[in-house]
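Please examine the sequence and the three-dimensional structure shown below.

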Amino acid sequence: MSKCYLYYGKYYQDIGMIESPNQSQYLSAAAQMYEKSMEIAVSATKNASVKEEIKIQKDSLNVYCSENGFNL
C-alpha cells in the first residue's frame, strides 16, 4: 500500500513541475502522498528499501520547491 501512495506522490510531483494555475496544489498533494506512504512504510511494512525510496522522492520534491519558491 505504501508503494501506491509513493507512485501517486510521484505522479503529483511530475504534474506539479509543469507550470499551471494548480501547480502549488499538485506539489502539496505530492508531499501529502509521500507522508502517507512513509507512515504506512514505518508502521505496517517496515520495508527499508521502500522507506529509502520515499526519502529520495521527498528530498527531490523539497529541492525543487525550495529552488522554485514553493512552500509546502
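In which kind of crossing does helix 2 pass helix 3? The crossing of these two helices is left-handed. The answer is read from a predicted model, as is everything that follows.

Two packed helices are described by the angle between their axes and the distance between the axes. For helix 2 and helix 3, the angle is about 160° and the axes lie 10 Å apart. Angles over 145 degrees count as roughly antiparallel, and helix 2 and helix 3 are therefore roughly antiparallel to each other. On the side of helix 2, the contact is made by Gln23, Leu27, Ala30, Ala31, Tyr34, Glu35, Ser37, Met38, Ala41 and Val42. Helix 3 contributes Val50, Lys51, Ile54, Lys55, Gln57, Lys58, Leu61, Tyr64 and Cys65.

In soluble globular proteins, nonpolar side chains tend to be buried together. In this model, the largest nonpolar core has twelve residues: Leu6, Leu27, Ala30, Ala31, Tyr34, Met38, Ala41, Val50, Ile54, Leu61, Tyr64 and Cys65. Two elements, helix 2 (23-45) and helix 3 (48-68), each give two or more residues to this core. Helix 2 supplies the largest share, six residues. Leaving aside neighbours within four places in sequence, Leu27 is in contact with Gln13, Gly16, Met17, Leu61, Tyr64, Cys65, Phe70 and Leu72.

Attention may now turn to helix 1, which spans residues 2-16. Not counting residues up to four places away in sequence, serine 2 touches Ser37, Ile40, Ala41, Thr45 and Val50. Tyrosine 12 also has its place in helix 1. With a relative accessible area of 25%, tyrosine 12 is partly exposed. When residues up to four places away in sequence are set aside, tyrosine 12 touches Tyr26, Ala29, Ala30 and Met33. Tyrosine 12 and serine 28 are 16 residues apart in sequence, and their C-alpha atoms are 8.4 Å apart in space.

Finally, consider the loop between helix 2 and helix 3, where lysine 46 lies. Lysine 46 is not a glycine, yet its phi is positive, at about 55°. This residue counts as exposed, because its relative accessibility is 57% and exposed means over 50%.

Definitions and conventions:
Residues numbered from 1 in each chain as written. Predicted model: local features only at pLDDT ≥ 70, side-chain atom pairs only at ≥ 80, totals over all residues. Heavy atoms only, no water. Core = buried A, V, L, I, M, F, W, Y, C linked by side-chain atoms within 4.5 Å. Buried < 20%, exposed > 50% of the residue type's maximum accessible area, 1.4 Å probe, protein only. Helix = DSSP H or I, 4+ residues; strand = E, 2+ residues; numbered from the N terminus. Contact = heavy atoms within 4.5 Å. Axes fitted to C-alpha atoms, helices over the stretch in contact; angles between N-to-C directions. Parallel < 35°, antiparallel > 145°, perpendicular 65-115°, else oblique. Left-handed = near helix turned anticlockwise from the far one by under 90°.
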